[in-house]
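Reader: I am new to reading protein models. Could we go through this one in short questions and answers?

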Amino acid sequence: MDNTSSQQQYVLGNHPDELARLDRQAASIERPTRLLFQAAGIKPGMRVLDLGTGLGHVAQIAAEFVGAQGAVVGIDRSGEALAVARTRAQQAGVRHLTFEEADVLTWRAAQPFDAIVARLLLFHMPDPVAAVKHHVQNLGPGGEFVAVDFDLGNTRAEPPVPLVTEAIHWVERAFRAAGAWPRIGSRLGVILERAGLGRVTTFGVQAYVAPTDPAAAALLTGVVRSLVPAMVAHGIATAEQIGLETLEQRLANAVRDADAVVLVPTVVGAWGYTPAPR
């Protein structure tokens, strides 16, 4: 889920449709996540903590990077999601990956980690700097914190497609109304520095979806579907305006008819380090 551990309510919910959407989303950003972990230097033998692990997508990736000689611990507040994560890890035969039900804003490690990773977690945090700062104390000397999150700022169709523009507008307004930060990817480096980390590096990976590829319409519709209650509650759009039953097909048709390329949210990574021993 990458984000169910925030003390504010996770706006997208935890119902089965949302969990299925998270699986699709995780698949769509797996390659950028791997690129960012490689650039950040997650390597064999490391002991890694995954914050807001949810269904365990990121923890599984981290477990591959650290290998059997390393260890990964994933924490999340959702017991339902962790049950799925544990089952998947067992089925995959990954024995160096464990999960704990806990709140990321208060959890303390019994022994320090070499690296802490958090994907799509700070997006939902009321105070992301405080969240990172809390976990700096769970890092050993020279340990690193790796944040991966979305920046919706460049999300668009090119050339512009009015329905795509409108749907993105609904999504961004709904996230903001619920207290989330839909452009937080652009601020990750600043957040890590303000949390006391040094040698901060940040860059983003931008995907471009071809006009005939239905993936962008499917992903955008999935987010809209999970946010419909927030959109209606905050007066952002009515159910009739959204037209959820036909939205995905209308989006796909509009993009194809305009021969438009869709820029999906940029996947941004940032990492910084605690002081190394002298």
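Reader: Which side chain meets Arg88 in a salt bridge?

Author: This is a predicted model, in which local features need pLDDT of at least 70, side-chain atom pairs count only at pLDDT 80 or more, and totals for chains, interfaces and linings use all residues. Side-chain values use heavy atoms, with hydrogens and water left out, and residues are numbered from 1 along each chain as its sequence is written. A salt bridge here is a side-chain nitrogen of Lys or Arg within 4 Å of a carboxyl oxygen of Asp or Glu. At 2.9 Å, N to O, the partner of Arg88 is Asp23.

Reader: How many residues apart are Arg88 and Asp23?

Author: Helices (H or I, at least four residues) and strands (E, at least two) are DSSP runs, numbered from the N terminus. Arg88 sits in helix 4 (residues 79-91) and Asp23 in helix 1 (residues 16-28). The pair links distant parts of the chain, and the separation is 65 residues.

Reader: Is Glu64 buried or exposed?

Author: Buried means under 20% relative accessible area, exposed over 50%, and partly exposed in between (1.4 Å probe, protein chains only). Glu64 has 52% relative accessibility, so it counts as exposed.

Reader: Which residues are joined with Arg34 into one salt-bridge network?

Author: Arg34 meets Glu30 at 2.9 Å, N to O. Both lie in helix 2 (residues 30-40), four residues apart, about one turn of the helix. Arg34 also meets Glu64 at 3.0 Å, N to O. These bridges share partners, and the network joins Arg34 with Glu30 and Glu64.

Reader: How many salt bridges are there by this rule?

Author: Arg88 with Asp23 is one of them. Arg34 with Glu30 is another. By this rule the count is seven.

Reader: What is the bridge partner of Val146 in strand 10?

Author: Two strands pair if DSSP finds at least two bridges between them. Strand 5 and strand 10 (residues 266-273) pair in the antiparallel sense over eight bridges. In strand 10, the partner of Val146 is Trp271.

Reader: Which helix belongs to the β-α-β unit with strand 4 and strand 5?

Author: Strand 4 (residues 113-119) runs parallel to strand 5, and six bridges join them. The unit is right-handed: with the strands pointing away from the viewer, the path from the first strand over the helix to the second runs clockwise. Residues 128-136 form its helix, helix 5.
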